[in-house]
Amino acid sequence: FSGSILTCIDFETGKQVWRDRSVGKGSLTYADGHLYLLGEGNEVGLAEATPEGYVEKGRFSIEDQGRPSWAHPVVSGGHLYIRDQGTLSRFDVRKNQ
């Protein structure tokens, strides 16, 4: 994130490739070719991790805990974990079999 804007930078050249407002200012993690995004305004997003552009695959809101959410999302064992203040939520992100 650069301010409130998700920004893709070419690691080798340092040049900006694309920018998108996405879920707003927040945190992210990478797993299985995707960016798992958590905006401080309680928005959770899933996007393809690609230099071609921002491709959002889905989005949902989590319950507002009264303060901005800045914890990094975690993906482990096919589950997405979101911590927000004193709450921990788990979401199944495995592909349908």
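A salt bridge is a side-chain nitrogen of Lys or Arg within 4 Å of a carboxyl oxygen of Asp or Glu. The model is predicted: local features need pLDDT of at least 70, side-chain atom pairs count only at pLDDT 80 or more, and totals for chains, interfaces and linings use all residues. Residues are numbered from 1 along each chain as its sequence is written, and side-chain values use heavy atoms, with hydrogens and water left out.

**Exercise 1.** Find which residues are linked with Arg59 in a network of salt bridges.

Solution.
- Glu56 and Arg59 form a salt bridge, with the closest N and O atoms 2.9 Å apart.
- Arg59 also forms a salt bridge with Glu43, at 3.9 Å between the closest N and O atoms. This pair links distant parts of the chain, 16 residues apart: Arg59 is in strand β6 and Glu43 in strand β5 (residues 43–48). Strands here are DSSP runs (E, at least two residues), numbered from the N terminus.
- The network therefore consists of Glu43, Glu56 and Arg59.
- Accessibility is classed as buried under 20% relative accessible area, exposed over 50%, and partly exposed in between (1.4 Å probe, protein chains only). Arg59 has 40% and is partly exposed; Glu56, with 32%, is partly exposed.

**Exercise 2.** Classify the ring pair of Phe60 and Phe91.

Solution.
- Rings of Phe, Tyr and Trp (its six-membered ring) pair if their centres lie within 6.5 Å; planes under 30 degrees apart count as stacked, over 60 as edge-to-face and the rest as tilted.
- The structure holds 2 aromatic pairs. In the pair of Phe60 and Phe91, the ring centres are 4.9 Å apart and the planes stand at 55°, so the pair is tilted.
- Phe60 lies in strand β6 (residues 55–61) and Phe91 in strand β9, 31 residues apart.
- Phe60 is partly exposed at 31% relative accessibility, and Phe91 is partly exposed at 26%.

**Exercise 3.** State which residues make up the largest nonpolar core, and which elements give two or more residues to this core.

Solution.
- A nonpolar core is a set of buried Ala, Val, Leu, Ile, Met, Phe, Trp, Tyr and Cys residues joined through side-chain atoms within 4.5 Å.
- The largest one has 8 residues: Leu6, Cys8, Trp18, Val23, Leu35, Leu37, Ala47 and Tyr54.
- Two or more of them come from each of β1 (6–9) and β4 (34–39).
- A second, separate core has 7 residues, including Tyr36, Val44, Leu80 and Ile82.

Terms used
Helix = DSSP H or I, 4+ residues; strand = E, 2+ residues; numbered from the N terminus.
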